[in-house]
Amino acid sequence: MSANCTSAAAVSASKTKTKKKHFIGQKVKLFRASEPILSVLMWGVNHTVNELSNVPVPVMLMPDDFKAYSKIKVDNHLFNKENLPSRFKFKEYCPMVFRNLRERFGIDDQDYQNSLTRSAPLNSDSQGRFGNRFLCSYDHRFVIKTISSEDIAEMHSILKKYHQFIVECHGNTLLPQFLGMYRLTVDGVETYMVVTRNVFSHRLTVHRKYDLKGSTVSREASDKEKAKELPTFKDNDFLNEGQKLLIGDDNKKYFLEKLKRDVEFLATLKIMDYSLLVGIHDVERAEQEEMDVEGAGEEEEYENDGMGGGVLTGSFGTPPDSPGNPLNCGGFFGPGEFDPSVDVYAIKSRDGAVKKEVYFMAIIDILTHYDAKKKAAHAAKTVKHGAGAEISTVNPEQYSKRFYEFMSNILS
Amino acid sequence: MASASSIAASIASKTKTKKKHFVAQKVKLFRASDPLLSVLMWGVNHSINELSHIQIPIMLMPDDFKAYSKIKVDNHLFNKENMPSHFKFKEYCPLVFRNLRERFGIDDQEFSNSLTRSAPLNSDAQGRSGARFHTSYDKRYVIKTISSEDVAEMHNILKKYHQFIVECHGNTLLPQFLGMYRLTVDGDETYMIVTRNVFSHRLSVYKKYDLKGSTVAREASDKEKSTLPEDVPPRPKSGNVQQRLQTLRIATRFYCAMKHVRDAKELPTYKDNDFINDGQKIYIDGENKKMFLEKLRKDVEFLAQLKLMDYSLLVGIHDVERAEQEEVDSEDNEAEDDGESDGGGVGTPPDSPSNTLDSTKPLSPGEFDPSIDVYAIKSNDSAPRKEVYFMAIIDILQHYDAKKKAAHAAKTVKHGAGAEISTVNPEQYSKRFYDFITTILS
């Protein structure tokens with residue numbers, strides 16, 4: 001399926017001259033995508049959110065809700081073959097729990113649904129661990145990560161405590177905001193996906209990206225990585241460049257409070273090997289880019305990954321009133337401005353900083369359990385996380401302390 | 001189980017305050033007394049939603065007449081309140097029926113609302129071979145449980161039926177087929193077909209006839225005519241208990257009259273002989289009669305071509321004055337009125353719960369919206385009573401060849417021991433049918 005909405009959206013998003021409203025399929029959602037699995041994802045999210053709209057919101061979650069799932073199998077014959085495969089299955093894990101989590105994270109179900117269904121999610125060439133696939137909702141608000149069945153099992157193990165933690169901190173955390181977890185079956189192949197809120201902005205471009213763990217063993221970007229449009233740099237790169245995150249004392253205090261709570265929580269669950277994902281938006285550079293875009297006019301060709309390369313970046317020279325939920329179509333945002341209810345991880349650089357920047361920082365990859373790691377380490381001489389590269393001789397407690405120390409040092 | 005339908009029914013009968021009746025707006029719980037009905041509601045809701053994401057094609061393709069959509073739900077510890085955890089829902093030829101709904105002037109969203117906002121109601125009306133009936137809560141649609149043979153027959157005639165509807169612009173007395181489904185609950189498969197209600201969604205029918213134009217054993221049985229509630233013991237043959245039973249019957253009728261219980265059991269289906277013996281007449285003016293017979297002629301010719309027979313003309317009579325009286329009575333007895341929901345309409349107030357279409361202004365007695373009550377014909381000025389007639393063809397899925405096979409296989413025709421043996425063929429049947437109807441309209 002060639003003609004797809006992603007390229008159309010990319011092209012229309014980049015034409016900033018006329019401020020006409022971009023057409024996003026309003027009532028009729030065709031679930032058209034470049035791949036059947038994306039169509040099924042769109043169909044599935046649309047279906048499950050609709051189903052939930054007919055299930056009353058309970059006063060509180062029950063233990064059974066953490067073991068529940070909804071499963072649906074579609075078998076069409078000579079019907080609706082245009083955009084969807086004729087046969088597929090869609091399973092949602094713990095629907096009531098994730099609905100509750102969405103609510104606690106301030107995400108309206110209708111908006112969530114719209115983000116994932118109005119237009120096809122976009123591929124990202126940024127790779128997670130083990131080459132897991134990343135997608136981004138067309139409006140860049142949510143990230144969809146392909147995970148393994150072991151990750152699903154781990155999620156189920158931690159879900160109750162995770163939910164409890166979210167209740168206690170009122171959704172105010174740097175941990176990934178888990179919003180939905182699904183299993184898609186297309187052509188007999190099962191794919192597991194988890195949806196989280198995008199750490200980066202849905203609007204502001206990220207010009208530089210770091211994945212920090214607080215470890216120093218082989219923590220730098222490979223040459224191959226550096227060749228990418230938006231490479232993922234690591235601890236050593238950060239230190240060698242003399243990079244600074246100048247957020248000011250108040251922001252630092254507030255940030256570190258959250259971080260401390262979060263890593264303590266992760267340590268109690270014996271989770272480790274997580275990272276702090278850091279994205280830096282350079283305000284001046286973005287202003288320059290936007291002017292370039294407008295100057296170039298019609299001759300500018302935009303390839304699909306002109307949307308900023310990695311999924312975890314904002315869109316490329318996106319105008320303030322970019323296609324998205326009505327939320328940000330109201331006011332006009334100045335350079336370096338953002339809506340903190342949408343870009344929840346954004347922190348401005350402090351007044352008087354040399355460069356005016358916006359930082360996006362949050363914890364990612366929290367599904368590695370210490371026990372699972374040890375087992376894998378014993379079974380195969382090499383740790384499965386790459387030949388010797390990430391061998392941690394630490395335990396979750398130590399990992400969390402080292403992590404916290406490193407992060408508190410890089411902020412000022 | 002306290003169902004939304006009984007609540008809606010009791011609200012419907014309270015006519016004093018004109019407040020808006022609560023019809024579950026955004027949240028559809030699909031709550032019903034029977035899991036099968038919940039699955040029907042869920043399924044129709046799902047099917048219409050799916051169709052809303054499919055572009056309407058310029059014209060139907062041959063494949064559309066062979067198509068189906070199938071969905072299987074398997075929930076675990078989720079949504080157990082109103083729905084079974086495991087069920088299947090299959091819709092036959094979705095694009096064809098969507099097109100038919102459009103041609104019959106029915107909006108998909110409203111169709112969905114009628115079938116999903118509140119549970120369909122049981123109906124005592126018995127079709128051929130005891131088929132089960134439901135009506136949508138707003139009484140616009142009839143849901144009939146059919147056999148897999150009927151489903152096969154529908155598939156056979158669907159293309160030609162659709163073509164016929166195209167040609168007559170939806171202007172026909174044939175059943176308006178609006179959707180056909182297969183539901184699987186607890187491993188049992190149930191086939192259902194949805195048609196537009198012949199009778200009014202508002203005006204009550206006090207007398208009903210099923211006419212075929214045949215005179216062999218065409219009269220309502222005693223069981224059919226009996227107005228006794230079901231739990232009265234059957235009357236024995238011996239005479240020495242007659243008096244006691246007579247007293248019981250009188251007492252029960254009195255009780256029923258006091259309660260103003262009007263369910264379908266009190267609306268027996270009379271037949272050809274009853275019609276003639278009652279001296280029943282249909283008083284419609286020349287213009288209406290001409291239009292009606294033109295449609296009828298085209299319809300029965302079509303049916304004959306398809307070798308279909310044994311269909312009936314369903315006739316329902318609404319007595320305007322009688323309905324006005326009933327409404328007054330029901331208002332007086334409001335406090336005690338449980339307002340059971342069966343039947344064609346319990347003196348339904350003009351602003352009854354329904355789609356927004358007709359909730360704008362109340363309709364006066366004997367008035368109707370012809371775009372909803374499409375089969376309604378008013379009596380002419382010289383009629384002795386002011387009446388409204390509802391007349392349309394029903395039960396068209398009996399194919400001549402299938403009948404002959406059945407007749408040969410079993411000595412008795414399957415439609416009752418010798419009662420309905422037709423020695424006629426479809427052509428003859430259609431002529432006899434048409435002639436009979438013509439005479440009763442004079």
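Predicted model: local features only at pLDDT ≥ 70, side-chain atom pairs only at ≥ 80, totals over all residues.
The contact involves 34 residues of chain A and 33 residues of chain B. Together the two chains bury about 2,700 Å², and carbon and sulfur atoms account for 58% of that area. On the side of chain B, the residues that lose the most area to chain A are B:H53, B:L77 and B:F78, which together make up 24% of what that side buries.

Polar interactions across the interface were examined next. Between chain B and chain A, 12 residue pairs are in polar contact, with both residues at pLDDT 80 or more.

In terms of secondary structure, at least two residues of the side of chain B that touches chain A come from each of α2 (35-51), β1 (68-74) and α3 (94-103) of chain B. Strand β1(B) supplies the largest share of that side, with seven residues. By residue class, the side of chain B that touches chain A consists of 14 nonpolar, 10 polar and nine charged residues.

Strand β1(B) also takes part in strand pairing between the chains. Its partner is strand β1 of chain A (residues 69-75), and the two pair in the antiparallel sense over three bridges. Within this arrangement, B:I71 in β1(B) stands opposite A:V74.

Conventions:
Residues numbered from 1 in each chain as written. Chains lettered and ligands numbered in written order. Heavy atoms only, no water. Contact = heavy atoms within 4.5 Å. Buried area = accessible area lost by both parts, 1.4 Å probe. Polar contact = N/O pair within 3.5 Å; in protein donor to acceptor, adjacent residues only side chain to side chain. Helix = DSSP H or I, 4+ residues; strand = E, 2+ residues; numbered from the N terminus. Nonpolar A, V, L, I, M, F, W, Y, C, P; charged D, E, K, R; others polar. Pairing = 2+ DSSP bridges.
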